[in-house]
Amino acid sequence: MSEEPAGPAEERVPAQREDTGEVIGVRRGMFGAKDGGDTSGYGRLVRTVQLPGASTRPYGGPRGGAAYGDFDEVADELEGALEEQGLVPENAIEKTVVHRGELTFHIAREHLLRVARTLRDDPALRFEMCTGVSGVHYPGDKGRELHAVYHLRSITHNRLIRLEVSAPDSDPHVPSIVEVYPANDWHERETYDFFGLVFDGHPALTRIMMPDDWQGFPQRKDYPLGGIPVEYKGAQIPAPDQRRSYS
Amino acid sequence: MSTPEASSRETTEGPVYTVTGGDWDEITEAARQADDERIVVNMGPQHPSTHGVLRLILEIDGETVSEARAGIGYLHTGIEKNLEYRNWTQATTFVTRMDYLMGLHNETAYCLGVERLLGIEEQIPDRATVIRVLLMELNRISSHLVYIATGGMELGASTIAIFGFRDREMVLDIFELVTGLRMNHAYVRPGGLAQDLPPGAVDQVREFIKKMRRNLPEYDKLATGNPAFKARLQDVGYLDLTGCMALGITGPILRAAGLPHDLRKAQPYCGYENYEFDVPTGDTCDAYGRFLIRLEEMKQSLRIVEQCLDRLQPGPVMVADKKIAWPAQLALGPDGLGNSLDHIKKIMGTSMEALIHHFKLVTEGFRVPPGQAYAAIESPRGELGVHVVSDGGTRPYRVHFRDPSFSNLQSMAAMCEGGQVADVIVAVASIDPVMGGVDR
């Protein structure tokens with residue numbers, strides 16, 4: 001399914017991985033046959049779902065390639081700037097992932113604010129713009145179920161990076177970065193509204209889309225989509241979340 | 001206050017306060033005595049000049065807005081959640097309805113994200129990419145025309161409103177011819193396009209360019225130099241570059257503050273680096289500057305559309321990979337666009353394998369390798385970013401749209417506070433928010 005882009009052989013070699021990736025869940029069976037009646041034998045298939053794991057140096061750049069590139073430069077500058085502040089970079093940056101030409105820093109949540117401020121203010125980094133936060137819920141990723149994903153854009157250096165922070169379901173707290181990027185005000189409210197991620201330090205963390213008295217957080221995976229079966233040309237079409245799923 | 005609302009008593013655990021109700025008589029009396037005209041006005045969510053169901057909460061002191069806040073969420077339809085229950089291709093039908101004035105931008109941004117995760121960015125046929133650019137630029141023109149038309153209408157300039165919708169109709173006619181629908185197209189699909197341009201489309205686009213080049217100066221005549229129009233727009237909704245950067249503003253508002261940031265130039269996608277066009281900027285930071293920039297952007301879009309037509313070469317419009325390419329072929333029948341009869345004849349009559357293939361791909365869909373991607377494009381309103389996450393299944397695990405209307409609308413308070421009530425309308429119009437995109 002995934003053909004590599006044509007080019008010289010060394011450019012097609014993906015960055016090496018330390019581990020095989022982050023397991024976020026296990027899927028069983030096939031064809032979406034969940035409850036008995038599966039005589040095909042495929043019902044016993046087990047597939048672990050793995051997100052791309054940590055990459056090793058050199059990270060290359062957005063156009064791929066195994067040589068020292070733009071991504072290494074960003075990582076060097078960030079690690080250097082954190083060291084200058086007396087922070088051990090390994091403690092703040094849990095892992096660095098390069099996948100599909102995009103650079104992701106997984107940040108320990110207690111260091112998020114410091115890292116964001118460094119990324120914005122360091123002249124060699126200058127990520128002036130935060131394009132908001134997107135929540136993702138991985139119920140199978142025990143202890144780090146809720147992820148907050150930030151995309152930072154540097155207009156000065158014309159770069160884009162991604163920060164990812166995780167929090168457990170039992171303690172859904174992530175520091176707010178509104179004081180560094182005021183643009184994130186509504187975005188954090190939206191992520192709180194849909195995922196229940198509490199952004200500590202946000203000036204007014206209230207629901208933004210759903211009604212104020214809404215119960216629950218609709219975009220979590222355990223929150224049902226809802227819907228009713230409808231009749232179309234004489235046939236009953238089940239609600240979307242009741243239809244067969246092949247995933 | 002003479003009587004404290006909270007009396008306290010000391011306990012072993014520290015002071016305990018007993019809070020009682022405030023003295024309402026005192027408060028109402030104070031309000032009656034006050035000589036200001038401070039009132040809180042609820043504007044919307046059903047108000048013709050708030051662009052859909054936007055609710056503005058304005059605290060006004062006489063004619064001056066002292067505080068302004070926006071209430072949103074009245075058009076939230078849970079599209080992002082719904083996508084997680086549909087396959088990757090079906091999602092285009094949903095995302096096109098988010099910001100309904102730039103449906104083709106939504107579709108393209110989403111498809112670019114999915115294609116990056118699939119690793120097929122390099123395999124998208126040239127013709128499909130050129131048609132995407134062509135339609136996106138036409139969509140930019142139609143979106144800006146709605147901005148000019150509704151913005152004009154709110155000022156009482158009904159001629160501008162009628163002219164704007166008159167010209168937009170020509171774009172919608174092209175969309176109807178090409179995609180089958182005037183809005184909500186679901187025409188751009190992961191891997192390419194739903195179908196090729198129909199016969200006559202290129203001629204109609206050429207005709208449109210000719211007409212639009214003739215019509216665009218009318219807006220200059222009606223509005224650009226019009227003293228009443230200028231008086232309403234100039235120095236209204238002021239937001240300088242510092243404010244724009246802090247609030248994450250993109251698009252015409254940022255460019256009106258002087259920064260020539262345009263993703264089509266900065267981070268080209270869909271081959272924008274091969275087109276010649278200019279990024280207009282201004283330095284007035286006000287509603288008038290934004291108007292001029294959008295007007296100029298329409299001219300630049302026409303340039304790009306023209307280059308697209310010259311660039312169009314015959315060829316496929318869907319990736320060659322049959323594991324991804326949508327098998328159904330569409331054709332125009334007597335009852336509109338639908339499955340091509342030839343295709344149905346083939347899968348039902350001659351090839352069982354083709355039928356199985358069609359069935360598998362249409363009901364189950366294709367799988368996308370696990371991972372996440374962020375695709376950003378320059379929409380008419382600014383940076384439209386799509387964060388796509390896959391768990392390797394046939395459905396999106398999570399799709400998040402960073403809609404420019406949502407981000408830009410945050411600047412409403414900064415633009416309106418301290419200004420006149422009448423200027424709120426102008427400032428909000430200059431942000432050009434579309435609630436379908438804000439609330440999703």
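User: In what order do the three strands of the open sheet in chain B stand?

Analyst: This is a predicted model, in which local features need pLDDT of at least 70 and side-chain atom pairs count only at pLDDT 80 or more, while totals for chains, interfaces and linings use all residues. Residues are numbered from 1 along each chain as its sequence is written, with chains lettered from A and ligands numbered from 1 in the order in which they are written. Strands (E, at least two residues) and helices (H or I, at least four residues) are DSSP runs numbered from the N terminus, and two strands pair if DSSP finds at least two bridges between them. The pairing in this sheet is antiparallel, and the order is S10-S11-S12.

User: Which strands are at the edges of that sheet in chain B?

Analyst: Neighbouring strands here are turned by 15° against each other on average, direction ignored, where axes are lines fitted to C-alpha atoms (for helices over the stretch in contact) and angles run from 0 to 180 degrees between N-to-C directions. An edge strand pairs on one side only, and in this sheet of chain B that is the case for S10 and S12.

User: Is B:Ala376 buried or exposed?

Analyst: B:Ala376 has its place in strand S10 of chain B, and it touches B:Leu263, B:Gln267, B:Glu383, B:Leu384 and B:Gly385, not counting residues up to four places away in sequence; contact here means C-beta atoms, placed from the backbone, within 7 Å. A residue is buried if 20 or more other C-beta atoms lie within 10 Å of its own, exposed if 12 or fewer, and partly exposed in between. Since 24 other C-beta atoms lie within 10 Å of B:Ala376, the residue is buried.

User: Which strand supplies the largest share of the side of chain B that touches chain A?

Analyst: Between the chains, 46 residues of chain B are in contact with 42 residues of chain A. Several elements of chain B each supply at least two residues of that side, among them helix H4 (103-118), strand S10 (371-379) and strand S12 (398-402). The largest share, four residues, comes from S11(B).

User: Which strands stand at the edges of the five-strand open sheet in chain A?

Analyst: The pairing in this sheet is mixed, and its order is S3-S4-S7-S6-S5 (chain A). Neighbouring strands of the sheet are turned by 20° against each other on average, direction ignored. Two strands have a single partner strand each, so one side of each is left without a neighbour in the sheet, and these are strands S3 (93-99) and S5 (129-137) of chain A.

User: Which residue of S6(A) stands opposite A:Cys130?

Analyst: S5(A) is joined by seven bridges to strand S6 (residues 146-154) of chain A, and the two run antiparallel. Helix H5 (residues 184-195) of chain A lies across S5 and S6 of chain A, running at about 5° to S5(A). In S6(A), the residue opposite A:Cys130 is A:Leu152.

Methods:
Two residues are in contact if their C-beta atoms, placed from the backbone, lie within 7 Å.
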